[in-house]
Every structure is written in C-alpha cells, then in structure tokens.
Number of protein chains: 2
Amino acid sequence: MKRKITLKQIAKELDVSISTVSKSLRNSLEIGEETRLKVQAFAKFYNYKPNNIALSLKNRKTKSIGIIIPEIVHYFFSTVINGIEQVANEYGYSVVICVSDDSFDKEVLNMEMLANGSIDGFIMSLSKETQYKGDFHHITEVINQGMPVVMFDRVTNDILCDKVIIDDKSAAYEAVQSLIDSGRKKIALVTTVDYVSVGKLRTDGYEKALLDNGLPFNEDLIIKIEDVDTCEITISQLLHDRAFDAVFAVNELFAVTIIKTANKMGLKVPEDLAVIAFTDGIISKYSTPTITTVSQSGEKMGNKAAKMLIERIEAEEDDDDEEHNENYITEVIETHLIKRESTD
Amino acid sequence: MKRKITLKQIAKELDVSISTVSKSLRNSLEIGEETRLKVQAFAKFYNYKPNNIALSLKNRKTKSIGIIIPEIVHYFFSTVINGIEQVANEYGYSVVICVSDDSFDKEVLNMEMLANGSIDGFIMSLSKETQYKGDFHHITEVINQGMPVVMFDRVTNDILCDKVIIDDKSAAYEAVQSLIDSGRKKIALVTTVDYVSVGKLRTDGYEKALLDNGLPFNEDLIIKIEDVDTCEITISQLLHDRAFDAVFAVNELFAVTIIKTANKMGLKVPEDLAVIAFTDGIISKYSTPTITTVSQSGEKMGNKAAKMLIERIEAEEDDDDEEHNENYITEVIETHLIKRESTD
C-alpha cells in the first residue's frame, strides 16, 4: 500500500508553495491550469484526500475543538487557552492545540490536519504572516465546508465568522487618558514593528486621547521597537533627552525594560516617568515597582470564544437543512486598568 | 445513524469512572466481570470503537506528534513545546497539543482521542493526579499497541519507554553547594506541597549538599508552601526570626515573592539573604534584583524528546517484523547555574 502523502510533501515534490497545492486541490482559478492539473494528478496518484468535512459532518461528531495560536511561549495565548478549556470541559468537549509559529504555511498545514475529521470546529488567532499576506483561503474553505470558526484577538474583516476581540483602540485611549489625568504631558507610545492589526488600533487610541485633550500628537513619540534586546538602547537615548515623562507600552517586556533603563539612569518611576503596559502577564505583578496594566482579559476571551463555537456546533447538529445561520457576531470583551506602583 | 459516543459519555451513562470504562474496553481483569460486560455491551450498542492503532499503524502514517502537558500557563512547558516544534518542523512533522490540567481523567481522555489515528506517537509529562494514583494503564495500552511514547520531566519508573529528564537531585545539589561556597550556613529549601516526583529528588539533592559540607540538616528549613498567596505570610515569620540566610526555591514565583517580602522587612538581597530559583522563566530575568537560577533547559528537553520519538517512529516504519526495539533510553539533560544579582 502506498504511504499517505502530506500536503507538504506534494509541495516539495512539485517545487511549489503549500498555498499553491492547497488552492489547486480546491480547483481555485487563482492557480494556472497546468499547475492545477499537475497537483491534482499527483495527489490522485498518491491517493491524497483533502479534508472532506461536509460528507462526515452530520454523522460523526468528534466532541473536540481545535485551537490555532501564533505563539506558545506567550502568556496571553496561554490564558486564552485556559479560558477555552474551562468552557470546553463544562460542555464535555476535548481541546487540541496547534501552534502556527506566526507562519502562514504552518497555519495552513495545521488547519488541514485538524479539519481532516479530528475536530468539530476551530478557535484561532491569525499568524503575523497570514495577516501580512492577506491570504485567508484556508479559512474560507473550512467555513464553506460547514465547519464553524471563531477568531480571536488577531482577526480579519475579510472573513465572515464569529469573532472575539477587545476594543484595542478604547483600551489604549483609557490608558493614555489616565496618564493625562495624572498631569503627564509628554506621553510616548512604545510599540512593535509588525503587521498585526491590533498595533494600528492601539496607535489610533493613543492619538485620539492626545487630541481630545488638546495635546500635540508628535510622531517622534511613537517608538517602534524590533525586540526587547534593542529596547534599552533606543529608550536610553530618548530618556537622556527627557523626551517624555510617561510611557504606554504595548507589552510588559518593553515596560519592565524601560523601567530598568530609567532606574539605571537615576530616574525614578513613577515620579520622573510613569509607565503603563498592555498585558495580562505576570512580570507586571512581580516587578519592582509593580506595573500598572491594561488587562487583555485572555481568560474571558477564551471563555467567550468557546461558548460561541460550541453553540454554533450544536445549533448545526440540530439543523436538518443545509442552511447555516450566518448572523455572525463580533463580541467585544471589556478591558480594565489595573493600577499598580508604576503610575501616580 | 447513531451519533458516535465518547468514553466520557459511556462513563456518565453507566455511572462509573472513565478509568473503569477504559479498562473494561481493554477487557482488564482489574474490573469485575459484570461491569466489564455491561460497559462492553453498551459500547458495542453505540458502535464505540476504542483506538485500533495496531491495525492501522503500518499503513497510515500521520506525520503528526501528540503532546500531553499538565499545564498550559506555565513557562517551562511552553519552552519544551517550542523545543519539540523546532525538531518536528525539521523532520516534517506536525504537532498537536493537549492539556491534562493535572487531571487523570483528562489525561486518559486526551490520549484516547489522539491515539485514535490522529498521531504517530506521544510526548508527555504526567499529570499530578496520575502520579498520585499511580495508574498508568492508558499509557501501557498505547505502548502495547505499538505506538511509541516519550516521557519528559514528570516521568514514572512504572512505564518502560524513552524518557528525557534533568537530574533534579544534582541540579539542587549544585545550587545549594554554590550558596555554601559563598559562605551561607542556614539555607532553606522552599518547595511545594504535592506528589510530583521531582520535588523528592530536589529535596534529596539539597540534603546531600548540606551533609557533604558538614552542615546540619534541619527539617524546619524545608518550607512547604501551598501556593504563592500563602508564601509571603509563611516566609515573613521565618525571616523575622532570621531562621535562614539563603534560600533555594523550586520555582521563580516563590523566589520573587521571598525577595519582595525580605525587602519590605528591610532586608537586603543578596547581602542579608541570597536567593536561587529553579526555573527557565522570565520573571527571574526582569525582577529587581535579577534572580540567580538553575536552568531547567526546557527547549533542549523538547529537542531531545522530539528526536527520540521521531527516530522511534521511523525505525518502526523500517521494521518489517512485529518486534519492537525495546532498548529504551533515559536521556539526562544537563542543567546549569545562571548567576545573577540575587546571589553574591
């Protein structure tokens, strides 16, 4: 018997991308006819079967949920999974997790693997590369075959499905407003260099808070940082110039590095520099001083996403016709400011 | 068509434990005949099929690895998964993760679900409850059916399989020795109240280092802490009495809490109190002062476990007879001391 071939092996054998194989097997007209037929012939020869969810969906419920997250060493995603597990347990569902490692190919492969009869639906947060490419065919395909998908945090408007997000714009607004309320005038936004949707929204909230309070919006105070290692160098120069008296950082690693840098330079937190971070993480709770944060409510997000998915799965079970209820909902989870020692 | 029933539903319907259902389906003589036959009849009526790995194993390789970990919001396990993913990617394997949440039942259910044709082998760390119960039938069963299992960190001598561990005893010894070398005489061990195998080994290493250096072993200096919330209270009393001048903590949350408690009481770290934690975590890197740690080498552990499992899977593919190579290996990953500000 011929061994079962994987999507990845087909791509390698034919020297095309995984996306091309995936699209060719769905007969997508985006792919030229020659390539399409070649991929299909190859797949047929090796007896490769793309997931055939629609056929099996009605009769074979797995009582399992698949989660796809971009990163595993990441406190926020861990708390979301915890939240999903809680609700899944309650409803008697098992949970399997795959990590895309912020790679488009891995996201496609993970979905392909899980959609092949292992699970009843997906809860997912997009990889950075998927957001950058704007290629969501693998998700559309799964939804078209009748498998429900709930997206959280890193979502896209290009896909119609249930979503759970936090209002990143108003969360950033609230943080910056609280800094303004305590008398800060030169507030920096310390953010990442990437294509993730939430970054843009947080910047919008930051800008709006400044403008609503009649403060100047200064592009130089939006500090984009590659990674934690370069954070200290960038920040120390700006602190040296006393360019700002408060910081809103998009994650706690930046925040704690800024505080350490300030301390080394003889500046006091919060007296000389107030700091707020966007996070559910534990560093903020245990650093010295402890750090004021805008909570991302990861666990609540997970609870909500799991409820939405399970309701969708069970509603479809009860449906006898093939029509799906397409009144998709985008649930906005409330954030809140947790005041600690790094602000006045 | 009757809907597929799950192990959990059978247990609920018949009001028996999941373990009883699982054992009855394997016709284990541990379960009384009446119960066994009842479970089997019920399962047959609902067309329940326990995993039939042996039948499918030769012809259907999934090129997927299943991981079962006890906790998801846990830096160490995240780094192990990262290490597994790196090697799996290299060899073209996908990875699916399940969380047992330190529950025996969830561990059994997760294994049952994944072993049902989704994966080629397991990498797992035992749940606390499984270690406490000493019931490993679900693992034995999977191994007997020819599916390779690699255990890491929380392992058991009762199962013959490949294992990846760190030498917890010598790691603890090294940490305590370094405290002794810097002149500390009253060294406390701050540990958890649980049944996990590694706790015992770390205590042994602590004790051996003291005795080898002619220091008294004082039971009162082994401080067992329920959780982080009670850590401060317990520690502050002992610090008040100046019961110790150094601490070896089994995790970084305890270590950072001890440092904060000491600071509040006007004690200086490391002058009045030296602190070492057992961890790969990030709090130690970012706390003030930064904390000296014994690295658990999670990523290396993951790398090694994945290599062992994939080699085992692919060796079995090449085997034509039914004999499995049972020269199981226990790989011991080296730890090392990362000196930071909390020690002299």
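This briefing covers the sheets, the chain contact, the salt bridges and some backbone details of a predicted model. Local features need pLDDT of at least 70 and side-chain atom pairs count only at pLDDT 80 or more, while totals for chains, interfaces and linings use all residues; side-chain values use heavy atoms, with hydrogens and water left out. Residues are numbered from 1 along each chain as its sequence is written, and chains are lettered from A and ligands numbered from 1 in the order in which they are written. Helices (H or I, at least four residues) and strands (E, at least two) are DSSP runs, numbered from the N terminus.

**Sheet of chain B**

- Six strands of chain B make an open, mixed sheet in the order β7-β6-β8-β9-β10-β12. Two strands pair if DSSP finds at least two bridges between them.
- Its edge strands are β7 (222-225) and β12 (337-338) of chain B, each pairing on one side only.
- Strands β6 (residues 187-192) and β8 (residues 246-249) of chain B run parallel, joined by four bridges. L189(B) has F248(B) as its bridge partner in β8(B).
- Helix α9 (residues 168-181) of chain B lies across β6, β8, β9 (274-278), β10 (292-294) and β12 of chain B. Its direction is at about 170 degrees to β9(B). Axes are lines fitted to C-alpha atoms, for helices over the stretch in contact (heavy atoms within 4.5 Å). Angles run from 0 to 180 degrees between N-to-C directions.
- Helix α12 (residues 252-264) of chain B lies across β6, β7, β8 and β9 of chain B, at about 160 degrees to β9(B).

**Sheet of chain A**

- Chain A has an open sheet of six strands, ordered β7-β6-β8-β9-β10-β12, with mixed pairing.
- Strands β7 (222-225) and β12 (337-338) of chain A each have a single partner strand, so one side of each is left without a neighbour in the sheet.
- Four bridges pair β8 (residues 246-249) with β9 (residues 274-278) of chain A in the parallel sense. A249(A) has A277(A) as its bridge partner in β9(A).
- Helix α11 (residues 228-240) of chain A lies across β6 and β7 of chain A, at about 155 degrees to β7(A).

**Contact between the chains**

- Chain B and chain A each put 45 residues into the contact.
- The two chains bury about 3,900 Å² between them, 58% of it on carbon and sulfur atoms. Buried area is the accessible area (1.4 Å probe) that two parts lose on being put together, summed over both.
- Two salt bridges are counted between chain B and chain A. A salt bridge is a side-chain nitrogen of Lys or Arg within 4 Å of a carboxyl oxygen of Asp or Glu.
- K106(A) and E85(B) meet in a salt bridge through their side chains (2.4 Å, N to O).
- On the side of chain B that touches chain A, α5(B) gives the most, with seven residues.

**Salt bridges overall**

- The count over all chains is 26 salt bridges.
- D162(B) and R312(B) form a salt bridge (2.8 Å, N to O). The pair links β5 (residues 162-166) and α14 (residues 298-318) of chain B, with the two residues 150 residues apart.

**Backbone details**

- The peptide bond from V269(A) to P270(A) is cis, with omega near 10 degrees. P270(A) is in the loop between α12 (252-264) and β9 of chain A.
- In chain B, the bond from V269(B) to P270(B) is cis, with omega near 10 degrees. P270(B) lies in the loop between α12 and β9 of chain B.
- D101(B) is not a glycine, yet has a positive phi of about 60 degrees. D101(B) lies in the loop between β2 and α6 of chain B.
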